[in-house]
Amino acid sequence: MATYRYEIAGSVLSGRVEIGGAKNAVLPILAATLLNKGTSYIYNVPDLSDIDVAIEILKAFNCNVSHENHSVVVDASDAMYTNIPQELTSKCRATLAFLGASLGRFGEADIAFPGGCVLGPRPVNMHIEALHALGLEVNEDNTIHVQGKLLDSVLQLSYPSVGVTENILIMAAASHHTIIIKNAAREPEIVNLCKYLTETGANIDGAGTSTIVIKGRDMIECQAHITVIPDRIEAATYITAGVMTGRDVEVAKCNPRDIRRLLTILRKMGCEINVSEDTVHVIKGLLDKQLNTPLYIVAKPYPAFPTDMQPLIMPLLCLIASEYSPSILADTVFPYRYMLAEELSKMGAKIHKRTGAAVITGLERIGTCRFTASRNLISHDLRGGAALILASLATEPGTVSNVYDEGYIKRGYENISEKFSQIGGNVSVKLLK
């Protein structure tokens, strides 16, 4: 496994940065291209290691795939059934979407248990329960093996799981039967996937709501085109950095509607933010104003505050909270997602972990809104790694921190050091092994 060292100097940010395509949107779309016996054209695709894994899986299915200039072309006309091995699924949890894709195309799927970031328990039981409820035959050993055909069904999800919703949508697109998903995930990435599936001929109502009705077609052979939506989590990363240690930071080519909960929280803190159709302009943040401490922020399924933004806002809360004005950061999606707290404590943060929540009471150094630089910060997951970069940028200018990362950050951020340099951030990365 590759190890990278990010070297970050305290910086004052200013300028304009552009957001790329959403990793969490393109991955299920790539899986769904397996259904199409024609050619799929996907635009605004970021250059990320998770995308490389998905392309490797498509090639294992004998698909012809090209990836250049932020576009991917998939020709699955000669696709052949295969099992998806552990060496691929262990790199990325989103590979589970290929379970639905393989089942939809071949009537069978065999996939090793997925990997991904270490965020606490992430069982696949919801996927298994949904497959059983749809009348499919499921066997679990070292892999998940599924076979069978869908019939008209109403599926009531016990939880609005993004992954389960994606899997059912994809497999249903290749069936002429009608599938109704109740308590479906409502994320913008789900809507983007439904738009692609509609391009292939599926009839879908209710995308973006809690009830989705999908009627697919047995034979999918077409020229399908889809543009990937902007990455709302990447946008949140640069917006939060601008609030923490910036002035006049523009985050462009994003969709402000998809991050409205974050923008609402930041405005309630007192940040001065302007929003246009595709740009968020952080005019004044912590460097120019005393911000209000939010008492309680809780991460829940969309449209609530998203779990992937929880680690990103934690370092900001550390800079504005105090013993007399604490902030509670809770997460109902991944209640054990608090390994970041231990790393921020190396930088002077005072964070007390509870089950499903963190109580933040500011910094050890009173009277400052800057972290203390640290040379020994460890990234434990994708968003936690990005949060450590934000905290390191919010140290005293000229001081340097090191973040050691085993490839997590490159799974979700394209050219993060170059993008920060565009707005005055001093971030460099070196491959150690």
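**Entry 1: packing around helix 9.** I looked up what the buried residues of helix 9 pack against in this predicted model. I found helix 8 (232–245), strand 15 (272–275), strand 16 (279–284), strand 17 (296–299) and helix 10 (310–320). Helices (H or I, at least four residues) and strands (E, at least two) are DSSP runs, numbered from the N terminus. I took contact as heavy atoms within 4.5 Å.

I then listed the buried residues of helix 9 (residues 260–269): Leu262, Leu263, Ile265, Leu266 and Met269. Buried means under 20% relative accessible area, with exposed over 50% and partly exposed in between (1.4 Å probe, protein chains only). Why do they lie on the same side of helix 9? They cover an arc of only 160 degrees around the axis, the arc being that of the directions from the helix axis to the C-beta atoms. Just after helix 9, I noted glycine 270 with a positive phi of about 115 degrees.

**Entry 2: helices 4 and 6.** I read an angle of about 15 degrees between helix 4 (residues 97–106) and helix 6 (residues 162–173), with their axes 8 Å apart. The two helices are therefore roughly parallel to each other (angles under 35 degrees). In helix 4, Ala97, Leu99, Gly100, Ala101, Leu103 and Gly104 meet Asn167, Ile170 and Met171 of helix 6.

**Entry 3: basis.** Residues are numbered from 1 along each chain as its sequence is written, and side-chain values use heavy atoms, with hydrogens and water left out.

How values were computed. Predicted model: local features only at pLDDT ≥ 70, side-chain atom pairs only at ≥ 80, totals over all residues. Axes fitted to C-alpha atoms, helices over the stretch in contact; angles between N-to-C directions. Parallel < 35°, antiparallel > 145°, perpendicular 65-115°, else oblique.
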